[in-house]
Amino acid sequence: MKKLKKLNLCAVALASAALLSVSAVAGFAQSGLSANANSGPSSWNGVTASGAFISGENCPIEVESEVLTFDIRQLIDHSAEKEELLEYSSIFSAEYTFKNPMKNTVNATLAFPLGQYSDLGFWENGEGGHNDKFIYLEDALADKGMYKVFADGAAVAAEMRYTFHEWNDFDFVSESKQLCDGYREHSFFYRDMPVYKYVFRFVSEETDYFNAEATLKNTENLRFAGSYGTVEKGKVITYSVKNGDEVELYSIGGEIDAEAVGWEFYKTSGYFGLNIKRVKAQAVYEPKSAEQITFKEYVFNGYSGGNEASEREKQDFYNAALDCIDGYSKSSILPENFAFLQGSSSSYLLRWLVYDLHFSAGQTIKNTVSAPLFSGGYYNYDPYVYSYRYLLSPAREWSGFKSLEIRLNTPYYLINSSLSFEKTDGGYVYKQDGLPNGELEFDLCAVENPEHKVNYGYTVFAVIGIIILIIALGMAVMVPLAIIIIVIVWLVKRSKKSGGGNGANSGFKPMNTFKGE
């Protein structure tokens, strides 16, 4: 497959479930309120779907129709066990009728963004050992064949690809360019660049916890990796350590004189750590642990793909690490490894289905892509409210767009929507020529009028924190009391108004604009 960034006939078509966010339920006039002292989060994240588009100045393919179908027969419980998770069946599908208006053949490579991983999954083995591996539900369902691509009813071969993406707005055009075949070249790093590992052990007879500050010399053409810190004026790296701790320092691009590294040790105390006290300690260099590796080996330190991963997956991981590194300033300490890119608590890898379509002159192709559908939602409703978001705006990049149909096939209640759906026997439907303004946001629930439970947990913690801060600073009594009262009133009002949501779209107001019963 040719590099996507070099396509000139037809650039990249993008569709479907990209980044996860939540559209907040701001409260329901018809529902009652009840207290909820639970201080835990009031919402969870799922996956935001995104509309397909075709970009590129020379791409002639037109879209005659788009049919979006949400088959939501099951509202998943995020606390479910492995067996129940593997039975999850709600899916999303996007059906596009593409037409080639040209008198010549067009070969198009299409990319379908599936979003970052949700927090759904389970641990392999389940014994609690250090060899256990977290399995994302998305990967488990992929193994069951739930990600599918068809062209005129025939299955189309598709590759799962990965790029780096942080939790911010998704830009289809720029991020699709991150997809490329092979190992990406970089202006500074290269795969065989030497990387030197140095291990220091910290010893102190005076204290158990302290800070260690190293001054490095002649490092203008080097980059460093290790614990959090910076290498700025004076080339200083700072560690917070415990007596006996060992830390690894990687020097990328050249060696340093480990024996000549200057160390200073100190502790901080008082408000905001303003009191600095020097500590007697030493940094013992462990020369036997010194090791020279390549930059590629450094990148794959902590990689969980294992030997079973394909060469393409390894290339994507390496390229994602490069994009991640480019987000650090030149003075920043790079991470010790890149395991966090695919960690169990959060993932910075954006998944794509990539496939090819071949159009003869004047040919029309009906292309369908389907994938599991993961919602966001809100715990502070009884029963829970499940929130979905679909980005329609990318379709404005198409060279032609005629009609849109959205089907919600579900037995659940549509309690909120940004578009005017009509009630049907099997769910809800929306039809329109052209694209509507804005994005699609809708919420489902097992009942028509869920009960809203106000979460006072965050309010209590916020007030306690303010009281402690005021006492610590020794401020007068009356002014702090007035501030406390104002904050309590404001937080309670805000909690009632927002429904306790803390998602990415917590300002979203319920519209209740669907038609019918």
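Colleague: Which residue is the bridge partner of V195 in β18?

Modeller: Keep in mind that this is a predicted model. The partner of V195 in β18 is I252. Strand β18 covers residues 246-252. It is joined to β14 by 7 bridges, and the two run antiparallel.

Colleague: What is the bridge partner of V195 in β22?

Modeller: There, V195 is bridged to I293. Strands β14 and β22 run antiparallel, with 4 bridges between them. Strand β21 (residues 282-285) also pairs with β14, again in the antiparallel sense, over 4 bridges. In that pairing, R201 stands opposite V284.

Colleague: Is β14 largely enclosed or open?

Modeller: Count its buried residues. In β14 (residues 194-203), 8 of the 10 residues are buried, so the strand is largely enclosed by the rest of the structure.

Colleague: Now E291. Is it buried, partly exposed or exposed?

Modeller: Buried means under 20% relative accessible area, and exposed means over 50%. E291 has 38%, so it is partly exposed. E291 belongs to strand β22 (residues 291-294).

Colleague: Which residues does E291 contact, leaving aside neighbours within four places in sequence?

Modeller: V195, Y196 and K197. E291 and V195 are 96 residues apart in sequence, yet their C-alpha atoms are 8.3 Å apart in space.

Colleague: On to rings. How is a pair of aromatic rings described?

Modeller: By the distance of the centres and the angle of the planes. A search of the whole structure gives 34 aromatic pairs. One of them is F70 with F92: 5.1 Å centre to centre, 55 degrees between the planes, a tilted pair. F70 is in strand β6 and F92 in strand β7, 22 residues apart, so the pair links distant parts of the chain. F70 is buried at 2% relative accessibility. F92 is buried too, at 1%.

Colleague: What angle do the planes of Y88 and F374 make?

Modeller: 20 degrees, with the centres 5.7 Å apart, so this pair is stacked. Y88 lies in the loop between α1 and β7, and F374 in the loop between β24 and β25, 286 residues apart. Y88 is buried at 3%, and F374 is buried at 2%.

Colleague: Which charged residue lies over the face of Y117?

Modeller: R351, at 5.0 Å from the ring centre. For Y428, the charged end of K423 sits over the ring, 5.1 Å from its centre.

Technical notes. Residues numbered from 1 in each chain as written. Predicted model: local features only at pLDDT ≥ 70, side-chain atom pairs only at ≥ 80, totals over all residues. Heavy atoms only, no water. Buried < 20%, exposed > 50% of the residue type's maximum accessible area, 1.4 Å probe, protein only. Contact = heavy atoms within 4.5 Å. Pairing = 2+ DSSP bridges. Phe/Tyr/Trp six-rings, centres within 6.5 Å; stacked < 30°, edge-to-face > 60°. Lys NZ or Arg CZ within 6 Å of the ring centre and 35° of its normal.
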